[in-house]
Amino acid sequence: MNAAIMKEKLRIEVGQIARPVPGPTEVLIKVQCIGICGSDIHYYEHGRIGRYVVEEPLILGHEVAGTVAAVGTKVTNVKVGDRVAVEPGVPCGQCDYCKGGRYNLCPDVFFLATPPDNGAWADYIVMRSDVLFKLPDTMSFEEGALLEPLSVGYHAMNRANVKPSDKVFITGLGPIGLLAIQAAKLFGVREIYASDVVAFRREFALKMGATAVFNPLEDSIAEEIAKLTDNNGIDVVIESSGNRSSISSTVNVVKRGGRIVFVGLPPENEVPLNVEKIIDSELNIYGVFRYANTYAAAIQAYAKSGLDISKVITHQFDLLDINEALQLSRTQKDKAIKIMIYPKSD
């Protein structure tokens, strides 16, 4: 089968490798489409993300949906021909985190495209059957693949215990931020404010349902939000930009007693926060690492929502053209949001 293999930084080659064979509890999946994520770009450009380092040739890609092509002897939850979304993390199921329902924190998780684990930029992949979720007939493969980045926003809403009456502010309008808008809508939120330095992405956020958008380089966001909310302020801030200044300013935007969720990773490990304000305002601060228990809930909520998360797809490429797709994603952030890849070879 074909697979796009990262040989070294800024070098990916599409070549032939052996098609995997599923074990007794595993499933062979024909990949129908797979997204390019910001983490894929980061590995491609820098060869590492924090403690995860690319030390040998690696297949990237983890936002995936496909068709069941073969099943192991002990698989009962799916059958050949089923259309499925793939949750890319396979936890151990034995540790305290797994048993407590927070399997995203499992220290022994296999996660697609996180070194040394290969990803899904290939014709086929094998995954354990319990991380597969059947797609309703009303959902496309593209929407199935987008359940992965949507899950980040969905998990952020869960972490902050978001309610329909909350006013939510989302910083950073890449795919995660834009899909966080959709996640907030799935939670019934009516007032969703957002910011980004790129005009194209601010306009995109309005199309995705944001109430109002701001340019953090030009607008006095705290003052603008005070006007728009009758001085009631923001209940929940979802910080997805990873920008140092944006992270620090979250405590100035959220109301007293509010909630802040950090999603975006900054370039440095330490960013200043006004601790006095955190204490005096009794703020709740949460971190998000991937997601847990989101796929089934998101599918159920989204299928009847009337929303269309596939709007974030701006470009589509064949797997054989992966280098062109990566170059576009890296260099044209004023034109590209989510790029979808299609392995079409037999």
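Residues here are called buried under 20% relative accessible area, exposed over 50%, and partly exposed in between, using a 1.4 Å probe and protein chains only. This is a predicted model, in which local features need pLDDT of at least 70 and side-chain atom pairs count only at pLDDT 80 or more, while totals for chains, interfaces and linings use all residues. Residues are numbered from 1 along each chain as its sequence is written, and side-chain values use heavy atoms, leaving out hydrogens and water.

**View 1. An open sheet of three strands is built in the order S2-S1-S6, with antiparallel pairing.** Strands (E, at least two residues) and helices (H or I, at least four) are DSSP runs numbered from the N terminus, and two strands pair if DSSP finds at least two bridges between them. The edges of this sheet are strand S2 (11–16) and strand S6 (58–59), each pairing on one side only. Strand S1 (residues 2–8) pairs with S6 in the antiparallel sense over two bridges, and with S2, also antiparallel, over six bridges. Look for Ile-5: its bridge partner in S6 is Ile-59, and its bridge partner in S2 is Glu-13. S1 is mostly covered, with five of its seven residues buried. In a regular strand the side chains alternate between the two faces of the sheet.

**View 2. The hairpin of S1 and S2 has two residues between the strands.** Here Leu-10 takes a positive phi near 65°. A salt bridge is a side-chain nitrogen of Lys or Arg within 4 Å of a carboxyl oxygen of Asp or Glu. Glu-8 counts as partly exposed, at 45% relative accessibility, and Arg-11 is partly exposed too, at 34%. Glu-13 joins Glu-8 and Arg-11 in a network of salt bridges. A search of the whole structure finds 13 salt bridges.

**View 3. Lys-167 and Glu-191 meet through their side chains in a salt bridge of 3.9 Å, N to O.** Lys-167 lies in strand S13 (residues 167–171) and Glu-191 in strand S14 (residues 191–195), so the pair ties together parts that are 24 residues apart in sequence. Are these two residues buried or partly exposed? Lys-167 is buried, with a relative accessible area of 15%, whereas Glu-191 is partly exposed, with 25%.

**View 4. A salt bridge of 3.8 Å, N to O, joins the side chains of Asp-280 and Arg-256.** This pair links distant parts of the chain, 24 residues apart: Asp-280 is in helix H8 (residues 275–280) and Arg-256 is in strand S17 (residues 254–262). Asp-280 counts as exposed at 52% relative accessibility, and Arg-256 counts as exposed at 59%.

**View 5. The structure holds one cavity of 30 Å³ or more.** On a 1 Å grid over the protein atoms alone, a cavity is a set of points where a 1.4 Å probe fits but cannot get out, and its lining residues have an atom within 4 Å of a point. Grid points are joined across faces, edges and corners, and a volume is the space filled by probe spheres set on the points. How much space lies in the largest cavity? The answer is about 80 Å³. Its lining is made by Glu-87, Gly-89, Tyr-103, Asn-104, Val-109, Phe-111, Arg-290 and Tyr-291.

View 6. Most residues other than glycine have a negative phi, and most peptide bonds are trans. Asn-231 is not a glycine, although it has a positive phi of about 65°.

Notes: On a 1 Å grid over the protein atoms alone, a cavity is a set of points where a 1.4 Å probe fits but cannot get out, and a pocket is an open set with protein on both sides within 12 Å along at least five of seven lines; lining residues have an atom within 4 Å of a point.
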